[in-house]
Amino acid sequence: MKIFQPNFSHIYIENQAKGYPLTKIALQKFSKSKIIEVEHYKDIFNKVGQDFQIQKSSMKLILAKKTEPFLYPASEMVQEFGSPNVFYNTPILNCLYNCDYCFLQGMYSSGNMVIFVNEDDFMDSIKKKMELLDVLVNPMIVSISYNTDILAMENIIPMASRWIEFAKTQKDLIIEIRTKSALFSLINNINPSKNIILSWTLSPEVVAKEYESTSPPFRSRLLSAKAALKKGWPVRLCFDPVILFDGWYDVYNDFFNEVFNEIDPIKVRDVTAGVFRMNKDFYKRIKRREPSSKLFYDNYEVNNGVVTIDKKKRTDSLSKLKELLTNFMPESKISIWGE
Amino acid sequence: MQCIISALKAESVPLILFYKLEKNNSFSFPFYKKDDLCLLIVGVGKKEIEKRIFEVLDRYNERVIQFINIGIAGSQRGFSEIGNIFLINKIIDQESKKNYFPDLIINSNLAESSITTVRSSVSDGGNSYNTLVDMEASEIYKVCSKRILTHQISFIKIVSDYMDSGVYSLDKKSVNLLVYSKLKEINNYLEKIKKVGDLIVPILSDIDLQWIERTKHVLKLTETQYHQLISCSKSYRLKNPNKILDDTMVIKPSSKFERNNTLKAICENLSA
């Protein structure tokens, strides 16, 4: 018998989260899970003394109702091609996957996942914000998958498809759904829209195996991205973070060749790339827990509260990386963090 | 190490006999131990819990210590049969109205229930409680979670009465029998959570730590340099699980400048 309970063996539910359509879907999906009532999701999600990594072995689902704010200005660590009206929101806290370099393990004390079921409040806040912004010149861009992988959750709770349908109704809104999932098939029946960017984070197989072991393999993600492109979706490819190890250049060179052999670079909306970086406090918090990933024992510099590769190494490698990418597409389609 | 916490001697006796635990008289309270398992009796109610648990934690400076509260609890008639065993998934402190949620990561097969921790014994049938009832769980959780990770704290309760004559009003023999009859389930649970504890293997071995301490002493490292050395050593250990940390570069320096250069060389060597 397995030592750990399966994921979502228990569902914690706030009283005020009861009755929402998403709550009903989740409870129906996990009808065998034990239900435990909580007054406020923070009573369990923010409790002291949790071990993020152990909890990842048996994640629980917390259904809650979010209160304001529903929208946040995008972090400086996110690239968005210089556009000013960029925001993110948090319909879900935490991720089904558990990548070594992920900031969520430093941001949250819990490995469990929170789903905010009052999706209308999130959507209304975007509509209100759009009224205040000059969206005719610069459309509002909202990343809905910043603190999670919303598409990876689609077969658990179909939030990505609901957000896509919402975005389609908003003329000057673009939502970005960043993912490592191989679940494009679950939204394949939806007609593509210019209001949605489907962004796949891709890493060379060797990097994916070492640092993204709980995510779908590189090839599955690539084929998902390919299927989305074929259907006509705007697709962004994110090579982020690029992991710098001995021989990285050759590995990434082969990797880009493999990617663009499968996917026509002309059809790709754009690409982003960047090296490992993390908010200093998150990094410290993770390190205190003695992570077993080599990534946390390399030498980094701290720059404006961000832990990252030292400037010389970073700019050298990113310029080489950009050179590789420009073999496939014009510079205007490439956005790089940390140049 | 695993530490069973119980309130009553009568709850403990079957466990002491089953695990062949021996009394350790160096504690000022009842404490039993054998190998990696110990048992601590905290008495009825919250009063002694913090002092006793902290004393055990201070004495046994283990990297991983799991606390398991095992004891009897009252139940409303109709909520559970007497003798049923439960893993606790929610603890409600009646006094403070605070709720505590033990981590439930183990595939235990035990039925689950919430529990209310009350200040005074209940003897009116407990109709106002739709949970189990005891007098210690919330305090045990509160105290343990100050010092250890929450997945290392769990609660197993056996229903002993219908709260019509007061919690803990049962005779010792009946309590003995209730716990005795659930030893198999308790043992299964302890074995399973032990496996979780065994999964936590520190990156650095005791030998590595000795090398780091030796290097710190010889080079007279500052605290910052000491932490830098630990970090480099972890990186080295993750990349080289079977190699030993080498003493050849650890030479007593004649100045701070030389010390700094030596440390730099050691770290470069470890990171190579």
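**Chain B in a predicted model: figure legends**

**View 1. Contacts within chain B.** Among contacts (heavy atoms within 4.5 Å) in chain B with a separation of 6 or more, 71% join residues 24 or more positions apart. This is a predicted model, in which local features need pLDDT of at least 70 and side-chain atom pairs count only at pLDDT 80 or more, while totals for chains, interfaces and linings use all residues. Residues are numbered from 1 along each chain as its sequence is written, chains are lettered from A and ligands numbered from 1 in the order in which they are written, and side-chain values use heavy atoms, leaving out hydrogens and water.

**View 2. Fold and dimensions of chain B.**

**View 3. Burial in chain B.** Of the 272 residues in chain B, 57% are buried, meaning under 20% relative accessible area with a 1.4 Å probe, counting protein chains only.

**View 4. Confidence along chain B.** The mean pLDDT (the predictor's confidence in each residue, from 0 to 100) of chain B is 92, and 99% of its residues reach 70 or more. Look to strand β6 (residues 85-93) of chain B for the highest confidence, at a mean of 98, and to helix α8 (residues 256-271) of chain B for the lowest, at 91. The model scores ipTM 0.90 and pTM 0.93.

How values were computed
Buried means under 20% relative accessible area, exposed over 50%, partly exposed in between (1.4 Å probe, protein chains only). Helices (H or I, at least four residues) and strands (E, at least two) are DSSP runs, numbered from the N terminus.
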